[in-house]
Amino acid sequence: MFSQRLVVSLAIEEIVTRIQDETEGVPIRTVKSFLTKIPSVVTGADIVQWLMKNLAIGDPAEAMHIGSLIAAHGYLFPVSDHVLSLKDDGTFYRFQAPYFWLSNCWEPENTDYGCVNITEMDIRKCRRMKNPQRVKKYRLIEGQSQSPVHTPSQIPRKGTKEDVEKENSFTEFKAIGAMMMQAGLMTYTEQYQEYDPLVVSPEPSNPWASDDLSFWDLEASKDPSQQRVRKWGFSLEEALKDLAGRDQFLKFLESEFSSENL
């Protein structure tokens, strides 16, 4: 029993086959573009004219709609664009090879899944042949059929002096990295400590501990306090976060004739 998708695919493929007919179809040619040649292309206008003539379509919009459906199903694609739709102009299109038509993509059956599993088994077997030392080896115990017992592929060797030195250097490297991370965190904490309202109470009042909003009014004012100006020195990002700092930086850029960089 044919599926609905297959019926639609066969109908589209019949139209595409007629379009590509050598005698009654659309002429497929090679065109020149600057210093290169584009082989096996047709124009969108030629396809629209062919659809209107051979499918008895009176409206060009309907012909373009049918052509866009053909392109959306993958039977037709533009050469210089990635939009799968048909345009009634000189845009170049190319037909998809019949090998990739939807009618050739059948639904997988149980036998197909079996072939996939066999293929995976073959791949694993090839891997075992290439890297036998990385695969578990099994042996059969007498009197017990198909009872795998794992045996190590190789005897573990004792650590040499070079291995010990390598392990020690790696441990020292991790310790140095942890110390640098700790130092950076301490520096950041000390730098921003006075700006943390949970550690140092801000002036004139702490908005997190009271309903007084005067602190936010001071932060939003264009007349910055000394504490806000000191914070600009931490980084350019801190200066641009502050409205007053942004205005000052804009004035500097205007003096350098580069205000468009902000």
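Predicted model: local features only at pLDDT ≥ 70, side-chain atom pairs only at ≥ 80, totals over all residues.
**Entry: α1 against α2**

I turned to helix α1, which covers residues 4-19. How far apart are the axes of α1 and α2? I read 11 Å, with a packing angle of about 110°. Angles of 65 to 115 degrees count as roughly perpendicular, so I noted α1 and α2 as roughly perpendicular to each other. Then I listed who meets whom: α1 brings Ile15, Arg18 and Ile19, while α2 brings Trp50, Leu51 and Asn54. Sorted by class, I have 4 nonpolar, 1 polar and 1 charged residues in this contact of α1 with α2.

**Entry: α2 against α3**

I stayed with α2 (residues 44-54) and checked its packing with α3 (residues 60-72). The angle is about 110° here, and the axes lie 9 Å apart. That makes α2 roughly perpendicular to α3. Which residues of α2 and α3 meet? From α2 I wrote down Val48, Leu51 and Met52, and from α3 I wrote down Pro60, Ala63, Met64 and Gly67. My class tally for the contact of α2 with α3 is 6 nonpolar, 1 polar and no charged residues.

**Entry: salt bridges**

Side chains of opposite charge can pair when their charged atoms come close. How many salt bridges does a search of the whole structure find? I got 4. I looked into the one where the side chains of Asp46 and Arg29 meet, at 3.6 Å from N to O. Where are the two partners? Asp46 belongs to helix α2, and Arg29 belongs to strand β1 (residues 29-33). They are 17 residues apart, so I marked this pair as a link between distant parts of the chain.

Notes. Residues numbered from 1 in each chain as written. Heavy atoms only, no water. Axes fitted to C-alpha atoms, helices over the stretch in contact; angles between N-to-C directions. Helix = DSSP H or I, 4+ residues; strand = E, 2+ residues; numbered from the N terminus. Parallel < 35°, antiparallel > 145°, perpendicular 65-115°, else oblique. Contact = heavy atoms within 4.5 Å. Nonpolar A, V, L, I, M, F, W, Y, C, P; charged D, E, K, R; others polar.
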